Amino acid sequence: MYMFKYVSKRLGLMLLTFFIIFTMCFVLIKMLPIPSPQEGTDPAIYYARLEEKGWIRDPQEGENGVWTYETVPIFQQYGTYLSRIFTKGDFGTVTNMPDFPTNAPIWDIFVNCLPPTILINIYSTLIGVPIGLGLGIIAALRKNKWEDQVINVFIILLISMPSIVLGLLIKYFLCFKLRWFPLSMSTSDAYFTWDVIKSMLPAVFALCLGSIAGYARYTRAELSEVLTSEFMLLARTKGLTKGQAIFRHAMRNSMVVIFPSILSEFIGVLSGSLIIENMFLVNGVGGLYLDAINSHDYDFFMLMSGFYTLISLTAGIVIDISYGFIDPRIRMGAK
């Protein structure tokens, strides 16, 4: 019952926070001037489309070819925008994105570009979690030995090096010098063929190396603390071997902190892969976000802002709830 109340309360706060952030993004983006039509675009069609969206009213071409119009109040635009989403499922159409046809539904483009982003993050997690946990366990069990020192140096190097630098090193050595991988991701939608997976691997490596360091650091710190706890001494005095005490008690208790850190690292990678996607030319949603900002395509910007905001807010709830499932002693929301 406590968990149900806690989850309900957190969901309500999440939706309220999402609405506030989404509204702020809309107001701030609408305070910018309306972008001019791209070269080769008919201004009459362009401004008629903006009028249809509810951004402007009464567009007219002046004698000198300069178009004039009356800007619709921002909150009236916001009401029209939300009404289109909830009544028609219409998140807008392409206005200024050069790589996509004008007036194409941005939701369809977003859905088509979502699989590469999800896949490179899933692959980085599948690679990073076992390696990171394994290195952390070895470092904790061999604390202050040479194995621990080597792993600590490896962790410090990866944590202190930004992912963009790791990406540049991977692209230069593995893709350019050694030519083990292509310089950019394949544009094919056959995502589970070896050629496409191989083209994803440089971006996956750039994302997972930082995660490996994070997993190893969390695991080493938590497992080292648990191994020195009094209940571990009690387990040994009851006749358990060192291996039995570690796997039955130490690992289980340390996972209370480690498992939520895995979830937070995954969400962090998903929301932080914008630069990596752009660097390796991954045709995912990260590149769309940057293109929408550079092209001043407001509908695209709002959809991408909502997507990443929702990911970040959902992560907090998932991490908190996971504590209750990992450790039954924890009762979220209990007084």
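**Figure 1. Lining of the largest cavity in the predicted model.** F26, K30, W55, Y81, Y298, D299 and M302 line the largest cavity of this predicted model. A cavity is a set of points, on a 1 Å grid over the protein atoms alone, where a 1.4 Å probe fits but cannot get out, and lining residues have an atom within 4 Å of a point. The space in this cavity is about 30 Å³, a volume being the space filled by probe spheres set on points joined across faces, edges and corners. The structure holds 1 cavity of 30 Å³ or more. At least two lining residues come from each of α1 and α12, and α12 gives the largest share, 3 residues. Helices are DSSP runs (H or I, at least four residues), numbered from the N terminus. By class, 5 lining residues are nonpolar, none is polar and 2 are charged; Ala, Val, Leu, Ile, Met, Phe, Trp, Tyr, Cys and Pro count as nonpolar, Asp, Glu, Lys and Arg as charged, and the others, Gly among them, as polar.

**Figure 2. The largest pocket.** A pocket is an open set of grid points with protein on both sides within 12 Å along at least five of seven lines. The largest pocket contains about 370 Å³ of space. Of its 17 lining residues, F18, F22, I85, F91 and G306 lie nearest the centre. Two or more lining residues come from each of α1 (2–30), α3 (74–88), α4 (106–141) and α12 (298–326). The lining comprises 16 nonpolar residues, 1 polar residue and no charged residues.

**Figure 3. Buried face of helix α2.** In α2 (residues 43–53), Y46, Y47, R49, L50 and K53 are buried, that is, under 20% relative accessible area (1.4 Å probe, protein chains only). Seen down the axis of α2, these residues fall within an arc of 150°, so they line one face of the helix; the arc is that of the directions from the helix axis to the C-beta atoms. Just after α2, G54 adopts a positive phi of about 90°.

Figure 4. E225 belongs to helix α7 (residues 194–227). E225 has a relative accessible area of 51% and is exposed, a class that requires over 50%. Its C-alpha atom is separated by 8.9 Å from that of A140, 85 residues apart along the chain.

**Notes on the model.** Residues are numbered from 1 along each chain as its sequence is written. In this predicted model, local features need pLDDT of at least 70 and side-chain atom pairs count only at pLDDT 80 or more, while totals for chains, interfaces and linings use all residues; side-chain values use heavy atoms, without hydrogens and water.
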